[in-house]
Amino acid sequence: MTKVRPTVRFFAVCADAVLSVPKSLDLLDGWWELHNVLHTVWMPPGVSKNFGVNELFVYAQLTDGVGEYNLGVTVEEADLVNPKRNRLMGRSDPSTVSFTDTWEVLMETIKLSEVPFPKPGQYLFRLMLDGEELPGGSMYLRVMPGEK
Amino acid sequence: MSEENITYGKFVTKVKTRPAIEVDCSKWADTTTGDWTFGSFVTKNKTRPAIESKLRIPHLRLKVSFMPGVSLETLTAITKAMIEKLCAVAPDLNLAYDTTLSGLSTDSRGATIAVIALKPQTPGMDIDRKLSQLIEAARAAAKKAEDDNEVEIENLELILVS
């Protein structure tokens, strides 16, 4: 079977994601509910560095793919002036995703816990497939210092 | 397509879901050095309840009430001319004659009432903006019909039905 790399239909970082499973208990009929999709966030009042968020959810809708892949996410402290100077904060362990047909839509959620944000700035979340970035699978989270 | 042919309901989704992949990021930074705070972000989002809207394609309804004594042949010619005039006024709307919403009837005096329904085939265009031009065109077409066919139009109304 020829492998076809999937495309990203939707990608978001949010404060919470809840998987709703219908009475049939069939995950094929389930859906994800995203709560508070994030773009700009503030550290708590009085905190302006070394903040770790208890949990963050990365949600992606992938489709148009065929084959088995390793899916993961990386978080970088971004340098908007010179992207080569982005500093990799960490990456998730790869998780296998598999597409049997191009019409298939995979909704993948990665729950990140105790994510460190050493200082205010832009943090880049990237969706990785077999170690390579997927077009449309990146998002900046702007972290602001907490109010004094 | 008339409203009766539309089935309303919910989408069926066929997606593969599974529980979230859990990742412990506590090792990503050396949290043993320096003071670290763990907690939740503060967000300052502007939100409001969802805007509720129903999508509709408005159509034009031209009602022409003739005085008694107009033959079917004359009536057909008049309505055809009126349709052509209205379509020509708004070419960007791409108006199409809708037979399901159009028709002829007679009132208690035997006078004929013609209803012409025109639906835009370009739904994205602003039909409201064109309405005054269309009303003017309908009036002009009615006047011409009276002069050319020696008939009398008792009443004419053009409304936008949404």
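Which residue in S3(B) is the bridge partner of A:Val53? The partner is B:Gly39. This report describes a predicted model, in which local features need pLDDT of at least 70 and side-chain atom pairs count only at pLDDT 80 or more, while totals for chains, interfaces and linings use all residues. Residues are numbered from 1 along each chain as its sequence is written, chains are lettered from A in the order in which they are written, and side-chain values use heavy atoms, with hydrogens and water left out.

**Chain B**

Chain B holds two helices and eight strands; helices (H or I, at least four residues) and strands (E, at least two) are DSSP runs, numbered from the N terminus. In sequence order, these elements follow the pattern β-β-β-β-α-β-β-β-α-β. Of the 162 residues in chain B, 33% are buried, where buried means under 20% relative accessible area, exposed over 50%, and partly exposed in between (1.4 Å probe, protein chains only). Contact here means heavy atoms within 4.5 Å. Among contacts in chain B between residues at least 6 apart in sequence, those joining residues at least 24 apart account for 74%.

**The interface between chain B and chain A**

Chain B brings 28 residues to the contact and chain A brings 49 residues. The buried area between the two chains is about 3600 Å², with carbon and sulfur atoms giving 59% of it; buried area is the accessible area (1.4 Å probe) that two parts lose on being put together, summed over both. On the side of chain B, the residues that lose the most area to chain A are B:Lys16, B:Trp28 and B:Phe41, together 24% of what that side buries.

Between chain B and chain A there are 15 residue pairs in polar contact, both residues being at pLDDT 80 or more. A polar contact is a pair of N or O atoms within 3.5 Å; within protein, one must be able to donate a hydrogen and the other to accept it, and residues adjacent in sequence count only if both atoms are side-chain atoms. Strand S1 (15–16), strand S2 (21–24) and strand S3 (37–39) of chain B each supply at least two residues of the side that touches chain A. S2(B) gives the most to that side, with four residues.

The count of salt bridges between the chains is one, a salt bridge being a side-chain nitrogen of Lys or Arg within 4 Å of a carboxyl oxygen of Asp or Glu. This salt bridge joins B:Arg18 and A:Glu108, whose closest N and O atoms are 3.1 Å apart. Strand S4 (residues 51–63) of chain A also pairs with S3(B), in the parallel sense and over three bridges; two strands pair if DSSP finds at least two bridges between them.

**Loop residues of chain A**

A:Gly46 is found in the loop between strand S3 (40–42) and S4 of chain A. This glycine counts as exposed because its relative accessibility is 62%. The C-alpha atoms of A:Gly46 and A:Lys148 are separated by 4.9 Å, although these residues lie 102 residues apart along the chain.

Most residues other than glycine have a negative phi. Two aspartates of chain A have positive values.
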